[in-house]
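Q: Could we go through this chain together? I would like to begin with the overall fold and then move to the details.

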Amino acid sequence: MDRATRIAWLVDHNQRPRHRGSLPDADAHVAGGNPGCGDVITMYLKAQEGEDRVAAVGFEGVGCTLSQAAASILAERTNRLTPTFAEVLDFSYEEMLDLLGREIAASRPQCATLALGTLKGAVKTVEMNRKLRAAGHTDEEIAELRRAIAAQAEGTGLVIGEGAEQAALDL
């Protein structure tokens, strides 16, 4: 795809986002924020019952054209492919930049990869919740563990999970 066509594709996804909106029956919803730009994305993930596979994703968000287009493109791709959790986790940030167009996205990699990082966080949330519930943990205990994991991402430039929206807005 040439540069002009790729830019038109990104603008179209920003103006007419695909799969925008919450999933009321989501197994996880995870917020992600980019404090450097003010982008905020919440990814909603519904897992296939009894499988480690995505059934559906949706997103909500505000931010720059690139972050919102990337979320729409990622949601469209994920809903079309219904990947396994491992496939989502294996989809690299480099592959996301290539999907969007490296020559366009490489100057703002945090905007371009925010949705992917947030989707990976949602997958990890579902995996962790399933394991912890199987081990007998309560939802309150699980929520506390998620907050501790989110704290580990501090200083990376992106904020995923607890506090993401506030961090992105505290410019």
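Q: What pattern does the chain follow, read along the sequence?
A: The pattern is α-β-β-β-α-α-α-α-α-α-β-α. The secondary structure comes to eight helices and four strands; helices (H or I, at least four residues) and strands (E, at least two) are DSSP runs, numbered from the N terminus.

Q: And what sort of model is this?
A: This is a predicted model, in which local features need pLDDT of at least 70 and side-chain atom pairs count only at pLDDT 80 or more, while totals for chains, interfaces and linings use all residues. Residues are numbered from 1 along each chain as its sequence is written, and side-chain values use heavy atoms, with hydrogens and water left out.

Q: What share of the chain is buried?
A: Of the 171 residues in the chain, 43% are buried. Buried means under 20% relative accessible area, exposed means over 50%, and partly exposed lies in between (1.4 Å probe, protein chains only).

Q: What about contacts across the sequence?
A: Among contacts between residues at least 6 apart in sequence, 66% join residues at least 24 apart. A contact means heavy atoms within 4.5 Å.

Q: Turning to the strands, which way do β1 and β2 run?
A: β1 (residues 28-34) and β2 run antiparallel, joined by seven bridges; two strands pair if DSSP finds at least two bridges between them. N34 stands opposite D39 in β2. The two strands form a hairpin with four residues between them, and G38 in the turn has a positive phi of about 90°.

Q: What else lies in that loop?
A: P35 is found in the loop between β1 and β2. At 26% relative accessibility, P35 counts as partly exposed. P35 and Q110 are 75 residues apart in sequence, yet their C-alpha atoms are 9.6 Å apart in space.

Q: How many bridges join β2 to β3?
A: Eight bridges join β2 to β3 (residues 54-62), and these strands run antiparallel. I41 has G61 in β3 as its bridge partner, and V40 stands opposite V62 in β3. This hairpin has six residues between its strands, with G50 in the turn at a positive phi of about 75°.

Q: Why is β2 described as largely enclosed?
A: Eight of the nine residues of β2 (residues 39-47) are buried, so the strand is largely enclosed by the rest of the structure.

Q: Now the helices. How many residues of α2 are buried?
A: In α2, 12 of the 17 residues are buried, which leaves the helix mostly covered. Among them are L66, I73, L74 and T78. What covers the buried residues includes α1 (3-15), β2, β3, α4 (93-100), α5 (102-105) and α6 (109-134).

Q: What is its span?
A: α2 (residues 65-81) reaches 24 Å from its first C-alpha to its last, close to the 24 Å expected at 1.5 Å a residue. The expected span is 1.5 Å times one less than the number of residues in the helix. Just after α2, T82 takes a positive phi of about 40°.

Q: You listed T78. What does T78 touch?
A: Not counting residues up to four places away in sequence, T78 touches V54, V57, P83 and L119. Its relative accessibility is 2%, so T78 counts as buried. T78 and V57 are 21 residues apart in sequence and 7.1 Å apart in space, C-alpha to C-alpha.

Q: Where does α6 bend?
A: α6 bends by about 30° at A115. The bend at a residue is the angle between axes fitted to the seven residues ending there and the seven starting there. The 26 residues of α6 should span 38 Å at 1.5 Å a residue, and the end C-alpha atoms are 37 Å apart, which agrees. Just after α6, G136 takes a positive phi of about 95°.

Q: Last topic: which charges sit over rings?
A: R77 lies over the face of F91, at 4.0 Å from the ring centre. The charged end of K120 sits over the ring of Y93, 5.3 Å from its centre. The rule requires NZ of Lys or CZ of Arg within 6 Å of the ring centre and within 35 degrees of the ring normal.
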